[in-house]
Amino acid sequence: MMDKTSQRGTRTGFTTGACSAAAARAAVLGLVRGSVPARVEARLPKGQLICFEVIDGRCDAEAAHAVVVKDAGDDPDCTDKARLTADVRLLRDRPGEVLLRGGTGVGTVTMAGLGLEVGGPAINPVPRRNIEENVREAGAPLLDDAGLEVTISVPQGVEMARKTLNARLGILGGISILGTTGIVKPYSTAAYRASVVQGVQVAATVGKCSGHSVVVLTTGGRTEQFAMRECAGLPQACFVQMGDFLRYALDTAVEEGLREVVIGGMVGKLTKIAQGETITHANRAEVDTGLLAELAASIGAPADECAAIAANITARFAAERMQALGLLNEFHDALARKVISTLCAPERYGSRFRLRVLVCDFDGQKIAEACSTHAPV
């Protein structure tokens, strides 16, 4: 996977979350064994075991320190070569507990809407679970009698964060610890766009042979898994991870004569589509929270809640407020219908294909669905 002789542009790397989990595991092993290993086999979120190099390992009877240097592969990532650092200490009075902290260079969450505790470290849910899983596996001999406090830090994190959008999202003082699979796949914009176009072309070819004139477009791995469950009867080749490149995917679907397009997504990307963006990368356009406030008002949300949604900068905040009000499904149903009305407007794609929108929550569970009413022409 990390072979330095791999063809340039194709070498995969590892996420900040995977490297943090590996550093934490190495530090815990130091407490268990009396010395921090120079290499550690750590478990990625989907269960694979990968060996990581460990540097600056040290420990005593109560605490341990380990560093894993992130290798992003051939992905142009500002966190490449970041020193993901774990400091672990025993908590003699808290047996069985694993406490995760954010140290220097890990951002602090200051705004709602990210699915993370305000005031807590910007360590996303999947990496958080993955770090704890590795700590519990490695620290099993200790946890009957003590707890473990794990502090993740990134010495260069403050400087790296200046190259991200973290501050606009209310994440201050460092980077986020990210990654849903643990693996970074290197794609240049042009290469990824080309892969999306090719994927839709393959779906069309398969459709001609199987009788399924449909392509299912998703924004990533989690939404693809969700869409595959919802469209279980379709060949795998009908599913294309379009990422941010909706326009190229839909234009190709029209060129290939596909009769049906399914879009599977979550609130953030779907909001951008609903507001008319067909390249949905974070750098291209902000989420129109005013639109979300209008959708919330249309289903009966109180005016003060709508104002709060409009004043926030994330789509997730809107979803969380709607859930608190018991309006989550209605809100996402309205959003799905807005996506359809935007994309099926005469000046866009009109009735060139039947459009179906599937919406899932952040755990990949279905919460809404909408379909266009016209037949493709």
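Thr 342 touches Ile 273, Ala 274, Gly 276 and Arg 348 when residues up to four places away in sequence are not counted, a contact being defined as heavy atoms within 4.5 Å. Thr 342 is part of helix α12, residues 328–343, where helices (H or I, at least four residues) and strands (E, at least two) are DSSP runs numbered from the N terminus. Its relative accessibility is 10%, so Thr 342 counts as buried; the classes of relative accessible area are buried under 20%, exposed over 50% and partly exposed in between, with a 1.4 Å probe and protein chains only. The model is predicted, so that local features need pLDDT of at least 70 and side-chain atom pairs count only at pLDDT 80 or more, whereas totals for chains, interfaces and linings use all residues. Residues are numbered from 1 along each chain as its sequence is written, and side-chain values use heavy atoms, with hydrogens and water left out.

Helix α12 also packs against helix α9. The axes of α9 and α12 come within 9 Å and cross at roughly 120°, axes being lines fitted to C-alpha atoms, for helices over the stretch in contact, and angles running from 0 to 180 degrees between N-to-C directions. This angle makes α9 oblique to α12, given that angles under 35 degrees count as roughly parallel, over 145 as roughly antiparallel, 65 to 115 as roughly perpendicular and the rest as oblique. The crossing of α9 and α12 is right-handed, a term applied if the near helix is turned clockwise from the far one by less than a right angle, and left-handed if anticlockwise. Leu 291, Leu 292, Leu 295 and Ala 296 of α9 meet Phe 331, Ala 334, Leu 335 and Lys 338 of α12. These residues divide into seven nonpolar, no polar and one charged, where Ala, Val, Leu, Ile, Met, Phe, Trp, Tyr, Cys and Pro count as nonpolar, Asp, Glu, Lys and Arg as charged, and the others, Gly among them, as polar.

On the α9 side the contact is made by Thr 289, Gly 290, Leu 292, Ala 293, Ala 296 and Ala 297, and on the α10 side by Cys 306, Ile 309 and Ala 310. The residues of the contact of α9 with α10 comprise seven nonpolar, two polar and no charged.

An open sheet is formed by five strands in the order β4-β5-β6-β10-β7, with mixed pairing; two strands pair if DSSP finds at least two bridges between them. Strands β4 (55–59) and β7 (98–102) are the edge strands, each pairing on one side only, and neighbouring strands of the sheet are turned by 15° against each other on average, direction ignored. Strand β4 pairs with β5 (residues 63–69) in the antiparallel sense over three bridges, with Cys 59 standing opposite Ala 64 in β5, and β4 and β5 form a hairpin with three residues between them. On pairing with β6, β5 is again antiparallel, over seven bridges, and His 65 stands opposite Asp 87 in β6. Five of the seven residues of β5 are buried, so β5 is largely enclosed by the rest of the structure.

Helix α2 (residues 125–138) lies across β7 and β10 and runs at about 130° to β7. Most residues other than glycine have a negative phi. Asp 56 lies in strand β4 and is partly exposed, with a relative accessible area of 38%, while Lys 81 lies in the loop between β5 and β6 and is likewise partly exposed, at 46%.

Val 215 lies in strand β14, residues 214–218, and counts as buried at 0% relative accessibility. Leaving aside neighbours within four places in sequence, Val 215 is in contact with Val 200, Ala 203, Cys 238, Val 240, Ala 253, Leu 258, Glu 260, Val 261 and Val 262. The C-alpha atoms of Val 215 and Cys 19, which are 196 residues apart along the chain, are separated by 35 Å.
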